[in-house]
Amino acid sequence: MVRVEFLGPINKEAMEIDVKSLKELKEVLSKDEELKSWLKSCAVAVNDKIVTSLDVELKDGDKVVLLPPVCGG
């Protein structure tokens with residue numbers, strides 16, 4: 001299972017999902033209408049490291065965090 005956390009204004013509880021890649025995770029999360037719009041604008045971190053590709057393999061115990069864009073200083 002992979003732990004998925006949502007920061008800031010996304011306002012979703014963390015969840016555990018059985019997926020093997022970021023691409024598969026995106027497919028699962030896209031089914032949630034509230035999350036669908038966030039997926040286009042969020043940065044993604046896997047185990048506290050920002051990634052830019054969906055071709056990242058995931059394994060049990062990994063943590064994925066969706067980081068929405070923020071304003072401020």
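The side chains of Asp62 and Asn47 make a polar contact at 2.9 Å. Everything described here comes from a predicted model, so please read the values with that in mind.

Let us stay with Asp62 for a moment. This residue sits in the loop between strand S4 (49-51) and S5. Is Asp62 buried or exposed? Asp62 counts as buried because its relative accessible area is 5%, and the cut-off for that class is under 20%. Setting aside neighbours within four places in sequence, the contacts of Asp62 are Met1, Val2, Arg3, Asn47 and Glu57.

Asn47 also has a place in the strand pairing. S3 and S4 form a hairpin with 2 residues between them, and Asn47, in the turn, has a positive phi of about 50°. Strand S3 (residues 43-46) pairs with S4 through 3 bridges, running antiparallel. S3 is also joined to S5, again antiparallel, by 4 bridges. Ala45 takes part on both sides: Val65 in S5 stands opposite Ala45, while Ile50 is the bridge partner of Ala45 in S4.

Now to the pocket. Which residues line the largest pocket? They are Leu22, Leu25, Lys26, Leu29, Leu39, Lys40, Cys42, Val44, Leu54, Val64 and Leu66. The space in this pocket is about 180 Å³. Helix H1 (22-29), helix H2 (33-41) and strand S5 (63-67) are the elements that each give two or more residues to the lining. The most comes from H1, with 4 residues. By class, the lining has 9 nonpolar and 2 charged residues, and no polar ones.

One of the lining residues is Leu54, which is found in the loop between S4 and S5. Leu54 is partly exposed because its relative accessible area is 38%, a value between the 20% and 50% cut-offs. Not counting residues up to four places away in sequence, Leu54 touches Leu22, Lys23 and Lys26. Leu22 and Lys26 are also among the residues lining the largest pocket. The C-alpha atoms of Leu54 and Met15 are separated by 19 Å, with the two residues 39 apart along the chain.

| Residue | Relative accessible area | Class |
|---|---|---|
| Asp62 | 5% | buried |
| Leu54 | 38% | partly exposed |

Definitions and conventions. Residues are numbered from 1 along each chain as its sequence is written. This is a predicted model: local features need pLDDT of at least 70, side-chain atom pairs count only at pLDDT 80 or more; totals for chains, interfaces and linings use all residues. Side-chain values use heavy atoms; hydrogens and water are left out. On a 1 Å grid over the protein atoms alone, a cavity is a set of points where a 1.4 Å probe fits but cannot get out, and a pocket is an open set with protein on both sides within 12 Å along at least five of seven lines; lining residues have an atom within 4 Å of a point. Grid points are joined across faces, edges and corners, and a volume is the space filled by probe spheres set on the points. Ala, Val, Leu, Ile, Met, Phe, Trp, Tyr, Cys and Pro count as nonpolar, Asp, Glu, Lys and Arg as charged, and the others, Gly among them, as polar. Buried means under 20% relative accessible area, exposed over 50%, partly exposed in between (1.4 Å probe, protein chains only). A polar contact is a pair of N or O atoms within 3.5 Å; within protein, one must be able to donate a hydrogen and the other to accept it, and residues adjacent in sequence count only if both atoms are side-chain atoms. Contact means heavy atoms within 4.5 Å. Two strands pair if DSSP finds at least two bridges between them.
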